[in-house]
Amino acid sequence: MAGKIRAEDLPEEMQESLGIKSNGRKAPRVSARLSVLGGVLVELKGLTVRDALWTLRQADYLIRRQRDNEKAIALRKKVRNGEEG
């Protein structure tokens, strides 16, 4: 995946529409989610709609699987330690 996108590197119109720059002030820090979204959009550029959708579905699947694994590990630790869920 591409590196992080700095808010200052975005076109002025995009900064204003995202609410990260107004009245000539310096752009504040961009949230991690917005930064990740920007990186994803950059990576999807040039793909067909079909390939982009497949990529997003695969990413969603992998993220959900990772979250489920983390929840299962936490639950096993609670059970092992005799804690109630």
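Select helix H3, residues 49-80. The model you are looking at is predicted.

**Stop 1: the whole chain**

Zoom out. The protein chain has three helices and zero strands. Starting at the N terminus, the order reads α-α-α. Now colour by confidence. The mean pLDDT of the protein chain is 80, and 82% of the residues reach 70 or more. Where is confidence lowest, and where is it highest? The lowest mean is in helix H1 (residues 12-18), at 77, and the highest is in H3, at 90.

The accessible surface of the protein chain is about 7700 Å². Carbon and sulfur atoms account for 54% of that surface. The chain has 85 residues, and 12% of them are buried. Next, think about contacts. Take those between residues at least 6 apart in sequence: 31% of them join residues at least 24 apart.

**Stop 2: a pair on H3**

Select Arg64 and Asp60 and show their side chains. What do they form? The two side chains meet in a salt bridge, with 2.9 Å from N to O. The count for this model comes to one salt bridge. Side chains of opposite charge can pair when their charged atoms come close.

Look at the spacing along the helix. Arg64 and Asp60 are four residues apart in helix H3, so about one helical turn separates them. An α-helix has 3.6 residues a turn, so residues three or four places apart point the same way.

Is Arg64 buried or exposed? Arg64 is exposed, because its relative accessible area is 51% and the cut-off for exposed is over 50%. Asp60 is partly exposed, with a relative accessible area of 36%.

Move to the end of H3. Just after this helix, select Gly82. Its phi is positive, about 75 degrees.

**Stop 3: helix H2**

Select residues 32-44, which make up helix H2. How far apart are the end C-alpha atoms of this helix? They are 18 Å apart, which agrees with the 18 Å that 13 residues should span at 1.5 Å a residue.

Now pick out Ser35, Gly38, Gly39 and Leu44. These residues of H2 are buried. Helix H3 is part of what covers the buried residues of H2.

Next, click Ala32. Ala32 belongs to helix H2. Ala32 is exposed, with a relative accessible area of 58%. Ala32 and Lys4 are 28 residues apart in sequence, yet their C-alpha atoms are 9.4 Å apart in space.

Step past the end of the helix. Gly46 follows H2 and has a positive phi, near 95 degrees.

**Stop 4: around H1**

Select Leu10. Leu10 sits in the segment before H1. Which residues does Leu10 touch, leaving out those up to four places away in sequence? They are Ile5, Gln15, Leu18 and Ile20. Show those side chains together. Then select Gly38, one of the buried residues of H2. Leu10 and Gly38 lie 28 residues apart in sequence, and 9.8 Å separates them in space, C-alpha to C-alpha.

Finish at Ile20, one of the residues that Leu10 touches. Ile20 lies in the loop between H1 and H2. Is Ile20 buried or exposed? Ile20 is buried, because its relative accessible area is 8% and the cut-off for buried is under 20%. Ile20 and Ala7 are 13 residues apart along the chain, with 7.6 Å between their C-alpha atoms.

Note on methods. Residues are numbered from 1 along each chain as its sequence is written. Side-chain values use heavy atoms; hydrogens and water are left out. Helices (H or I, at least four residues) and strands (E, at least two) are DSSP runs, numbered from the N terminus. Buried means under 20% relative accessible area, exposed over 50%, partly exposed in between (1.4 Å probe, protein chains only). Contact means heavy atoms within 4.5 Å. Accessible areas come from the Shrake-Rupley method with a 1.4 Å probe; for residues, only the protein chains shown count as cover. The expected span of a helix is 1.5 Å times one less than its number of residues. A salt bridge is a side-chain nitrogen of Lys or Arg within 4 Å of a carboxyl oxygen of Asp or Glu. pLDDT is the predictor's confidence in each residue, from 0 to 100.
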